[in-house]
Amino acid sequence: MLNYAARRLLGTIPVIFLTSVIVFGLMRMLPGDPVQLLVGQSQAEVSAATIATIRHEYRLDEPIYVQYLAWAGHALSGDFGRSLQNREPVWQVLRPRILPTMQIGLTAWILAIVVSVPLGAITARRPGSAADWIGTGAALTGAAMPYFLVGGLLIYFVALRWGLLPPSGYVPPTQGILASARSTILPALTLSLGLGAVIARQSRASFGEVLQFQYIRSARAKGLSETKVMTHHAFKNAMLPVVTILGVQLATMFSGAVVTETIFAIPGIGRLLVDSILGRDYTVVQAVVLFITVLVVLANLLVDLLYGLLDPRIRRA
Amino acid sequence: MPVRRGFPRARLAESTARLLGNKLALVGLVISAVVVGLILLAPILAPYRPDAIDYRALLQAPSAAHPLGADDLGRDVLTRTLYGGRLSLAVSLTSVLLAVAVGVPLGLLAGYVGGATDEILMRLVDSLMALPSLVLALTITAVLGPGLVNAMFAIAVVGLPAITRLVRGQVLTIKHNDYVLAARSVGVRPAVLVMRHIMPNVLGPVLVQAALGIGFAIITESSVSFLGLGAQPPTATWGSMVQVGFQYLETAPWIALAPAAMIFVAVLGFNLLGEGLRGSLDPTSRSAT
């Protein structure tokens, strides 16, 4: 298991490296002079010597690969430079945004798993039945609904018409667990629909395949209850492909968070990304994209390790 | 996926029969056809011009004069939804075609040549796939500048890795088939081998991925426009209409609801069609029906 984990960990390094190069390169392709962004409208009043000093301070007068190495070296120690908008260290801008995104994302993820895996199992037990059609229809509908449609409907009905929950804003847990939960329910539900649709379809396909195996027939022939057959015999094997896509779901979650946080005015990482792009704060954009990517890569690594734990054949391969 | 040479007429008929026999695929085909038909017939069906402003109908609820209501400038929502769909669909289709046009050759190259070329290309593909799709699309659009054409390129780049990986995977299997080895042994040049013997067998899965990719592209374009980086005013796509409509969600929900509903219907149709194509081109795949 240790060898398998080491191999997977080493495999993530080139991916993170290449992604950091892509992110850095994309930001350097932004139109306009970065010094212009730094000095703002007052560039006309700034002397050439000052501009040269700023350029030197931010290493913008050095070759691109030197700039990349300097940036990557600092990034490894958590120093992503300073925000072009407010001159604060980028990490100070990013850090308070992590909790809202993680809180809503994890809630959505757990909701999606808790609802979709059993839904897939139930629909797989009776293919072609009314339950199968309803379950498949729900999954296809969930996959086709954009986040702003789901979020808009929830805001309009649940928040504005019925007044059950707040339509926007975020309350951190330190200011009240109940208030925090109330502020995250609607965004979490919005995110969970898209995540759950994919999990439900994969779960249905996996359980459908596993339930055809001989050992399942043997278990039923022995007189075991259907619940025991599903939970003790089918579940672990059926979950293997589902576990694989859970890592991919984290990437989907961040994509969804970008739209969801904008709709519900949540001060999370997704909204920070949009605001930074619109505000041309490219140092923050760079850091946010790299941060998200590293999280996704590490999550996929965890999923691979979990997969190895669940299926011994994988770690021996 | 069963691998056969080329697309003889009998195989096409067989695949078509399977497609039409798949209920969900039929539903998808009908929905997609209706959506495309409505959009193409916009000049006939739309009661107004898309940019026609009527200050007497500001934020008007659905009525006989405006079946889906009017927006903040008194523009007819039905008209703008139909015309906006033309741009949304055009951008989505073009981005998918671009992704296929670039991804298929890259996948063929990586799969056939192998070695260092394959490693480098696949590491690049892995890196692009590590970035969440909307995050990557937004970042590329930020670099290129807001606008529909730039959003189209960004969506094409986001869809490219999946096509490349798919084609590469197919080529890795196909290139060891007997007929390919036989062709190589009689001296068929690599380019001819790839184009005549390998590529036709790759097109089926690519078609499935492209159909599914259209739904993904519609959602991505509408999300990018919703966030203000896609279509710029006064250009209207479904996503930009939803963005404007969100400001009036409490007082005039129809402004956002109509284009959002069209996005949902269009994506559902293309997704069902894609799933149906997957089932018809690969009879061993399982589906709900």
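Is the crossing of α7(A) and α8(A) right-handed or left-handed? In this predicted model, the crossing of these two helices is right-handed, and their axes, which come within 9 Å, cross at roughly 145°.

**Packing of α7(A) and α8(A)**
- On the α7(A) side the contact is made by A:Tyr147, A:Val150, A:Gly151, A:Leu154, A:Ile155, A:Val158 and A:Ala159, while α8(A) brings A:Leu186, A:Leu189, A:Thr190, A:Leu193 and A:Gly194.
- Sorted by class, the residues in this helix contact are nine nonpolar and three polar, with no charged residues.

**Contact between chains A and B**
- Chain A gives 41 residues to the contact and chain B gives 39 residues.
- At least two residues of the chain A side come from each of α1 (2-28), α6 (130-144), α7 (147-161), α8 (177-210), α10 (226-263), α11 and α12.
- The side of chain A that touches chain B has 32 nonpolar, eight polar and one charged residues.

**Arginines with positive phi**
- Most residues other than glycine have a negative phi.
- A:Arg280, placed in the loop between α11 (269-278) and α12 (282-310) of chain A, has a positive phi near 55°, and it counts as partly exposed because it has 17 C-beta neighbours inside 10 Å.

Methods. Residues are numbered from 1 along each chain as its sequence is written. Chains are lettered from A and ligands numbered from 1 in the order in which they are written. This is a predicted model: local features need pLDDT of at least 70, side-chain atom pairs count only at pLDDT 80 or more; totals for chains, interfaces and linings use all residues. Helices (H or I, at least four residues) and strands (E, at least two) are DSSP runs, numbered from the N terminus. A residue is buried if 20 or more other C-beta atoms lie within 10 Å of its own, exposed if 12 or fewer, and partly exposed in between; C-beta atoms are placed from the backbone. Two residues are in contact if their C-beta atoms, placed from the backbone, lie within 7 Å. Ala, Val, Leu, Ile, Met, Phe, Trp, Tyr, Cys and Pro count as nonpolar, Asp, Glu, Lys and Arg as charged, and the others, Gly among them, as polar. Axes are lines fitted to C-alpha atoms, for helices over the stretch in contact, and angles run from 0 to 180 degrees between N-to-C directions. A crossing is left-handed if the near helix is turned anticlockwise from the far one by less than a right angle, and right-handed if clockwise.
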